[in-house]
Structures are given as structure tokens and as C-alpha cells.
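Reader: I have a two-chain model open and would like to understand the words used to describe it. Could you take me through them?

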Amino acid sequence: MRDVLLTVVRGLGFGSVYALLAVSFVIIYKSSKVVSFAQPALMLAGAVAVSYLSGPVGFFLAVPLAAIAIAMLGWGLERTTIRPMIGRPVFVVAIITLGLDIAIRVVVNVFIGPDVRNVGDPWGLSTVDLFGLPVQERYIAMAVVLLVVGAGLFAFFRYSRYGLAMRASSLDQETALVQGVPVGNMTALAWAMAAGIAAVAGAFVGTGGGVDQSTWVIALKALPAIIIGGLDSIGGAVVGGLLVGLVESFFATYQGEYLPFLGQNFSLVSPYVLLLVVLLVRPYGLFGTREVERV
Amino acid sequence: MTAVREPSKSPSGSTAPAQTPAPAEAKGRRPLGRPMLYTAYGQDMALLNTGAKKVAVGALLVVALLLPFLLEDDLLRLLATGCVLAIGAIGLNLVTGYAGQVSLGHAFFLGIGAYTAAVVSGDPDDDRLYGLGITFLPVWLLAGGLVAALVGLVVAPLASRLRGLYLAIVTLGLVFLGTHVWNEWDAVTGGVGVGRPAADPVLFGVDLSRRTESFSADQQLYLLMFVLLCVFALLGRNIARSAIGRSFAAVRDRDIAAEVTGVDVRKVKRRAFVISGFYAGCAGALLYSITGYLDPSSFGLLVSVQFVAMVLIGGVSTISGSIMGAFFIALLPRLTRELPEYLPFLSSSATQTPNVFQVETLLYGLLIVAFLLLEPRGLFGLWIRIRNYWKAWPFSY
């Protein structure tokens with residue numbers, strides 16, 4: 001029982017980070033119908049920015065600063081490379097983000113260097129006693145961040161003018177334009193927000209062990225999460241992210257014992273198995289809107 | 001543009017004259033001295049439908065066959081790799097360019113082909129690794145291609161259920177699952193960091209990867225890969241310009257319209273994945289027989305991205321574009337190695353920071369972005385521009 005609970009806690013902890021990443025994918029998808037393969041690079045850039053900033057200003061100030069810096073980067077990317085592609089097939093834009101990802105990661109890797117970089121978080125691997133369970137503090141921090149960012153996004157989309165404008169332009173761009181919504185700016189804002197959220201997620205991916213040049217792969221685990229949740233549902237992204245975290249955590253604990261033939265480290269690819277299973281049953285994810293085909 | 005014929009762009013299903021003319025009519029006869037006049041559909045759809053093309057292709061073939069006697073061995077090896085990559089790129093272009101099914105899983109199929117071929121040709125007495133000991137090249141080549149095609153058939157139902165980016169992400173998942181299998185299945189792959197010998201290119205008792213009396217190993221490999229590329233390219237062109245290719249284009253352009261006009265969309269997607277899997281499997285089998293060794297980590301996401309880059313840089317839905325793109329990507333490392341001579345701040349050692357390896361990866365990324373932004377038709381599009389300029393010269397239009 002103790003093992004199960006610890007597995008659940010770890011799953012929810014990492015799941016929160018995947019959920020954040022998944023939300024960043026979904027925000028971009030809703031604004032421009034593109035899956036941004038540049039998120040891994042933005043996440044890594046965020047983590048690295050935090051690792052450089054946390055020395056002088058401390059971790060808690062470094063995270064928002066890095067998020068703002070990476071948000072600016074995301075805004076710049078949208079203006080220079082995504083904007084000119086309006087009206088072109090989404091596949092082409094997705095491949096552009098793939099190219100951006102490769103290019104940005106080369107630059108970020110220079111800043112990482114060959115070793116692991118510590119993000120300077122105050123938690124490390126230390127644990128706190130919670131109902132008799134030794135729970136790692138960083139998992140609690142991850143869950144809290146998801147709650148804070150999630151609540152902030154909910155309030156933003158629900159109550160602010162810009163949130164309303166973004167929802168309008170994702171619903172129907174032309175109608176939104178007619179109503180006076182600057183749709184182009186909303187897309188840029190979506191990219192900035194998504195990049196900022198990815199940067200925050202990156203900072204928390206780095207807690208405990210730090211980041212190195214291969215950390216970017218973690219961001220791709222958000223892809224099963226968004227597919228499971230449905231590409232256009234933020235709530236679905238959160239559920240998908242937590243689900244991916246739980247599945248991965250359970251495979252990490254029990255697969256060696258019960259399914260040893262799947263090989264070591266199967267937990268790392270288990271999200272993709274989950275993805276295949278979900279898509280075979282429900283092609284548009286658990287919460288995604290079914291695409292209506294008009295002729 | 002009326003006078004310009006773009007042969008590689010197969011006409012989309014709905015607009016093309018769907019009925020092939022009766023055989024006698026299809027041949028058609030051209031009046032003497034009017035080389036550009038088409039009197040029959042068959043002439044228009046011919047492989048080499050203009051005189052200039054016949055001359056150019058003939059000249060290219062002659063040059064390519066003379067190259068082994070003109071170039072150094074290391075360059076020949078690079079060109080041999082380019083030929084194999086071109087086979088893989090044609091496969092990806094058939095499924096992504098012609099049929100419009102975005103696949104990021106090409107590395108997975110490449111791996112299946114490479115390992116199938118390695119197992120078929122492997123040493124049967126080896127205790128550590130599986131091997132059947134059939135080193136005859138056509139056997140392991142076809143085995144690699146067919147097994148990959150079979151896996152393509154298994155994956156295809158996903159493609160017929162999913163569209164666009166959903167498919168891209170699922171195929172990306174395949175690459176990760178594949179990498180896991182390669183890492184863990186020691187009896188086939190040799191395991192991480194150990195690897196296994198790849199398939200031996202043996203043809204009629206001659207091991208082409210060893211030097212013989214008259215040729216060096218690289219000359220033989222280049223000639224072999226070049227001949228195979230010609231075969232696969234011709235096959236690809238014929239697929240593209242036949243009914244299968246037209247049905248691919250119809251599904252790509254508007255799948256609902258294609259379905260209404262009687263194209264079986266599921267069957268077409270299945271076909272596209274099978275054909276692409278076959279090409280990728282063959283390319284994987286051949287690619288590592290050049291170096292003679294393969295490691296489980298060689299089939300990661302970057303390989304898939306490189307193939308996508310080949311297709312996009314070369315030219316989407318053109319066979320000649322795929323070949324140009326593949327050679328471009330194959331020769332890119334060699335070109336960046338030359339850079340430190342001209343840019344002294346670049347280092348050629350991997351441990352210092354602005355180094356050529358970083359520039360190389362950066363260029364993959366930036367070239368994809370730049371080509372998509374500035375010349376979506378890729379190198380093939382650049383060629384069309386140059387050709388049209390000189391056709392109209394000295395006028396600008």
C-alpha cells in the first residue's frame with residue numbers, strides 16, 4: 001500500500017510537469033491549429049535560464065524572470081517564422097517548428113555544456129513527512145505550480161478581455177476579426193504564454209537532478225498527454241498529463257516485477273503505448289472535439 | 001506557364017484526363033521538327049517527355065558512372081551514402097509528399113530494414129546474435145524491405161483513422177518505441193554501446209565491401225548503390241505517374257473529394273505506408289552495409305527529421321527533388337568540415353564551443369525553416385526558377 005501511494009505521489013508530481021507542458025502545446029494549438037515541436041527547446045531554454053539566474057536572484061525570482069525572457073523568445077519566433085506562414089498547410093508550419101527546435105537547442109546546449117546544470121532549486125531530493133509517507137518536497141512544489149498556473153489560466157481565459165479575445169479568435173478567426181479582435185496579436189500572445197509556461201515546466205523538470213543536453217526528450221512526453229486529452233482541450237491536457245505521469249510511475253515501480261520481458265526503462269516509453277491504445281479506441285482523444293467533415 | 005511542362009508534378013486525380021487512351025492512340029506520332037508538340041496523352045506522361053530531358057538524364061548517367069574513376073575514395077563513400085539516403089527519401093516523399101500522410105516514423109522503418117538485413121546475413125555460428133547466414137545481397141535487401149513493408153501494413157490502420165498532426169505524433173511515438181526495442185533486444189541488435197555487424201553486401205560470391213583486384217571497396221559500393229538508386233528512382237517515378245500516384249495525390253489534396261470520386265481512401269493510405277516502408281527498409285539495410293556496423297542508437301528522432309529535411313529541402317512530391325535533397329544532406333557534413341578554413345573562430349574539435357558539429361545541426365534546423373519560408377518547392381523549385389529564367393532569356397518573363 002505504501003509503495004502504491006508513493007508511486008501515485010511521484011506520478012502526480014511528474015504528471016503536473018507534463019500537464020504544464022501539455023497546456024503549453026494546447027494553447028498554441030488552439031490559437032494556430034499547429035502542434036509546436038519547438039516546445040522541447042523552449043522548455044530547455046527556460047531551465048537553463050533559471051540555472052543561470054537562480055545564483056544571483058534566487059530560485060523563486062529566477063523562475064518568473066526566465067518565464068518572461070522565454071515568453072519574449074516565443075513572441076519573437078511567432079512574429080518571424082510563424083506569421084509569414086498563415087494560410088499554408090499546418091503540416092508545413094509544424095515542420096518549421098521542428099526546424100526551430102533543432103536550431104534553438106544547439107544554441108541552448110552551448111550554455112548547458114557537457115555536464116549536468118543544477119537549476120538551484122531549494123528542494124533537491126529531500127523529503128517531508130506527509131500522513132506517514134516520506135514525500136519528496138519537489139513533487140509537492142510541482143503540483144502547487146500546476147495548481148497556480150492552472151488557476152491563473154482559468155481566471156485569465158474566463159474573466160479578462162484578452163482571454164475572451166483569445167477564446168474568440170480560436171473559435172472562429174474571421175468572426176473574431178469582424179468583432180475587432182486583433183487575431184494576429186492574439187496568436188503572438190498565445191505563443192508567448194505557451195513559451196513562458198514551457199519555461200516554468202523546464203525549471204521544475206530540473207528540480208532534484210538538474211538539466212543536461214538530453215532533458216529535452218521529457219517535453220515530448222507531453223505529446224501523448226495532449227493526444228490523450230484531445231488537442232484542443234486545456235482541461236483534457238491537464239488530465240492527460242497527470243495520466244501520463246501516473247502510467248509512467250506505475251510502470252517504473254511494477255513493470256520490472258510483473259512484466260520483465262518488456263525490458264529495462266520501459267516506463268520511459270510507456271506513455272507512447274498508452275497513446276497508441278487510446279487513439280485506437282478514440283481517434284480524437286478523450287476530451288477532444290470530433291472533427292466535422294464539411295464538403 | 002503554359003509552355004512549361006512540369007513532369008514530376010503528377011496531375012491530381014480529379015483534373016487529370018482519367019481515361020488512358022487506347023493503346024494505338026497512346027503512342028501518337030509527332031510531326032517532324034515539332035519536338036514540343038504532344039499529340040497523345042502517352043507522350044505527355046512519358047518518363048522523358050522532352051528532348052532536353054533525354055539529353056540531360058543521359059549526360060547525368062554518364063557522369064555518375066564516370067565518377068568512381070575521377071574522385072577520391074572518401075568522397076565516393078559519401079556519394080554512396082547519398083544514394084542510399086536518396087532511396088529512403090523517395091520512400092518518405094511517396095507517403096508524405098504524394099499521399100500527404102505526415103510521417104515522422106521513417107527512422108523506425110529504417111531500423112527494421114537494417115536489423116532484418118543484418119539478421120538474414122548474420123553469422124549463424126555466433127552465440128550472441130541471431131543470424132541466418134544468407135549473405136546474397138538481393139535476399140537480405142528484399143527481406144529488409146518486405147519486413148518493413150509488413151510493419152507499414154500494420155501501422156497503416158492508424159493512418160486511416162487519424163489525420164494530419166495526430167498521425168505525425170503517433171509516428172513520432174513509433175520512433176521512441178522502436179528505439180526502446182532496439183536497445184533491449186540484445187539478441188538482434190547487440191545492445192546499447194555494443195552493436196552488431198551490418199549486412200554484408202555480397203553479390204555472386206564477391207564481397208563488395210572489400211577491395212578486389214580491379215576496384216577499391218568504395219568504388220564498388222558507389223556503383224552498387226548508384227545502380228540500386230536508379231532502380232528505386234525509376235520505380236518511384238512510375239508509381240508516381242501511374243494510377244496509384246494519382247490516387248495518392250487525390251487523397252492528399254482532398255480526401256473527401258477523392259472518396260466521392262471512387263478512390264478507396266483506406267486502401268490508398270495502406271498502400272502509401274507499405275510502399276514507403278519498403279523503401280525505408282531497403283534504405284536501412286543498405287545504409288549500414290556501407291559502414292559495416294550498426295548501433296541501436298542510430299535510429300532516433302534526428303534521423304526522421306533528417307529525412308523530412310531531405311524531402312522539404314529537395315522538393316515535396318518530386319522524385320528528383322528527393323534525390324537532390326538526400327545528396328544535399330549527405331554532403332552537408334563534408335561542407336561544414338571545410339568551414340574552419342574560412343571562418344577561423346569555428347573549431348573542428350567537438351569539445352570547443354563554436355564547432356562544426358554544432359554548425360551542422362544548426363544548419364539542418366535553419367535550412368528547413370529557410371526553405372519552407374522562402375522556397376517551399378525546395379531545390380527542385382530553385383531549378384524550375386533557373387530553367388524558366390533561361391527559357392525566356394533575354395526577356396524577364
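Author: Gladly. Two residues are in contact if their C-beta atoms, placed from the backbone, lie within 7 Å. This is a predicted model, in which local features need pLDDT of at least 70, side-chain atom pairs count only at pLDDT 80 or more, and totals for chains, interfaces and linings use all residues. Residues are numbered from 1 along each chain as its sequence is written, while chains are lettered from A and ligands numbered from 1 in the order in which they are written.

Reader: What is the corresponding share for chain A?

Author: In chain A, 76% of the contacts with a separation of 6 or more are between residues 24 or more positions apart.

Reader: How do you know whether the radius of gyration of chain B agrees with that of a compact globule?

Author: The radius of gyration is taken over C-alpha atoms, and the globule rule is 2.2 Å times the number of residues to the power 0.38. For 397 residues a compact globule would have a value near 21 Å, and chain B has 22 Å, so it agrees. Its C-alpha atoms fill a box of roughly 65 × 50 × 45 Å along the principal axes. The box for the C-alpha atoms of chain A is roughly 60 × 50 × 35 Å.

Reader: How many helices and strands does chain B have?

Author: Chain B has 16 helices and four strands, and chain A has 12 helices and two strands. Helices (H or I, at least four residues) and strands (E, at least two) are DSSP runs, numbered from the N terminus.

Reader: What makes H5(B) and H7(B) roughly parallel?

Author: The axes of helix H5 (residues 106-121) and helix H7 (residues 164-184) of chain B come within 8 Å and cross at roughly 30°. Angles under 35 degrees count as roughly parallel, over 145 as roughly antiparallel, 65 to 115 as roughly perpendicular and the rest as oblique. That is why H5(B) is called roughly parallel to H7(B). The axes are lines fitted to C-alpha atoms, for helices over the stretch in contact, with angles running from 0 to 180 degrees between N-to-C directions.

Reader: Which residues meet in the contact of H5(B) with H7(B)?

Author: From H5(B) come B:Ala107, B:Phe108 and B:Gly111, which meet B:Leu174, B:Val175, B:Gly178 and B:Trp182 of H7(B). These contact residues divide into five nonpolar, two polar and no charged. Ala, Val, Leu, Ile, Met, Phe, Trp, Tyr, Cys and Pro count as nonpolar, Asp, Glu, Lys and Arg as charged, and the others, Gly among them, as polar.

Reader: Why is B:Gly277 called buried?

Author: A residue is buried if 20 or more other C-beta atoms lie within 10 Å of its own, exposed if 12 or fewer, and partly exposed in between, with C-beta atoms placed from the backbone. B:Gly277 has 32 other C-beta atoms within 10 Å, so it is buried. B:Gly277 lies in helix H12 (residues 265-291) of chain B. Leaving out residues up to four places away in sequence, B:Gly277 touches B:Phe109, B:Ala148, B:Ala149, B:Val151 and B:Gly152.

Reader: And why is B:Gly42 called partly exposed?

Author: B:Gly42 has 16 other C-beta atoms within 10 Å, so it counts as partly exposed. B:Gly42 is found in helix H2 (residues 41-44) of chain B.

Reader: What makes the phi of B:Ser317 worth a look?

Author: Most residues other than glycine have a negative phi, and most peptide bonds are trans. B:Ser317 is not a glycine, yet its phi is positive, about 50°. B:Ser317 sits in the loop between helix H13 (301-314) and helix H14 (319-342) of chain B, and it is buried because 24 other C-beta atoms lie within 10 Å. In chain A, A:Lys33 has a positive phi near 60°; with 16 C-beta neighbours inside 10 Å, A:Lys33 is therefore partly exposed.

Reader: Where is the cis peptide bond?

Author: The cis bond joins B:Trp393 and B:Pro394, with omega about 5°. B:Pro394 lies in the segment after helix H16 (378-392) of chain B.
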